[in-house]
Amino acid sequence: MTAASLEISGLCAGYGPTRVLEDISFSVSAGKRLGILGRNGMGKSTLFATLAGQTRRYGGAIQMNGENIEGADSATRALKGLGYVPQSRDIFPTLTVEENLFVGLKARPKSAIEEAYAMFPRLKERRRNLGSQLSGGEQQMLTTARTILGQPSVLLLDEPLEGLAPVICEELMEAFGKLAASGEMTILLVEQRIQSALDFADEVIILERGRMAWSGTPKELSQDEHTVETLLGVGGLH
Ligand SMILES: Nc1ncnc2c1ncn2[C@@H]1O[C@H](COP(=O)(O)OP(=O)(O)OP(=O)(O)O)[C@@H](O)[C@H]1O
């Protein structure tokens, strides 16, 4: 597993005739962490779905390690190392935790699921439970672990903390921090919990009505009250 760089330039995309993203350009170096912020409906999930090849692209380029992938279908992008954990926590409800994890292994040996259990020990405790019997936090752990077993070089995490208790959020953010620190993955995180995203990220971008409205470091953002208030709709970060 080796982290890949990601370069997005002039990306325009949407759904059928509806344009959502306009002229999005940014890059993330291999092994770095990008936080993507913005209020509801500003295009964050559409950006991830577009990177994963699940929307209509009107123009622009997506490069992983310098290779253009915007013309490839979703399955090919996944094979090239793009791992996407959607907001919907797509697990198989009628399969057990362990069976769900087997799906993520692709051609890897079954023993590799120990990597998932090392990252999320709760999943090992619940390995014989059905997906439908899991709590929201456990479902998030399962869908994340299943994607990571595929050894992605770029990982897209869409609002992993949504609706979860603070203690579970901490557990997840700690696991993401370890993954990022391993240097084996480039991680893009969409998150409404602004402080969690800022604690995690090396760089941040903010989307506003489908366009890039701001980019900089977490430190620059936390010192820029005007941007925080106008683009994120909150009065301050501390
Ligand atoms: N499948 C779809 N078909 C048509 N329009 C869509 C679809 N999914 C999202 N949209 C529209 O695209 C725009 C951006 O939505 P998106 O879900 O990307 O925003 P978001 O920033 O991720 O919001 P949230 O934080 O609420 O998840 C919205 O106007 C939304 O209504």
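This is a predicted model: local features need pLDDT of at least 70, side-chain atom pairs count only at pLDDT 80 or more; totals for chains, interfaces and linings use all residues.

Four strands form an open sheet in the order S2-S1-S4-S5, with antiparallel pairing. Its edge strands are S2 and strand S5 (67-68), each of which pairs on one side only. Strands and helices here are DSSP runs, numbered from the N terminus: a strand (E) has at least two residues and a helix (H or I) at least four. Two strands count as paired if DSSP finds at least two bridges between them. Strand S4 (residues 56-64) and S5 run antiparallel and are joined by two bridges.

Residues are numbered from 1 along each chain as its sequence is written. The pLDDT is the predictor's confidence in each residue, on a scale from 0 to 100. Its mean over the chain is 94, and 98% of the residues reach 70 or more. For the complex, the predictor gives an ipTM of 0.96 and a pTM of 0.95.

A second open sheet has six strands in the order S6-S7-S8-S3-S9-S10, with mixed pairing. Strand S6 (82-85) and strand S10 (211-216) are at its edges; each has a single partner strand, so one side of each has no neighbour in the sheet. From one strand to the next, the twist averages 20 degrees. Strand S9 (residues 203-208) pairs with S10 in the antiparallel sense over five bridges. Within this pairing, leucine 207 stands opposite methionine 212 in S10.

Which strands does H1 lie across? In the sheet of four, they are strand S1 (6-15), S2 and S4, and H1 runs at about 75 degrees to S2. H1 also lies across strand S3 (33-37), S6, strand S7 (154-158), strand S8 (186-190) and S9, running at about 150 degrees to S7. Such angles run from 0 to 180 degrees between N-to-C directions, and the axes are lines fitted to C-alpha atoms, for helices over the stretch in contact. Contact between two residues means that their C-beta atoms, placed from the backbone, lie within 7 Å.

The shell around the ligand includes Tyr15, Thr18, Gly43 and Lys44. A residue belongs here if its C-beta atom, placed from the backbone, lies within 6 Å of the molecule. Strand S2 (18-28) and helix H1 (44-51) are the elements that give two or more residues to this shell. The largest share, three residues, comes from H1.
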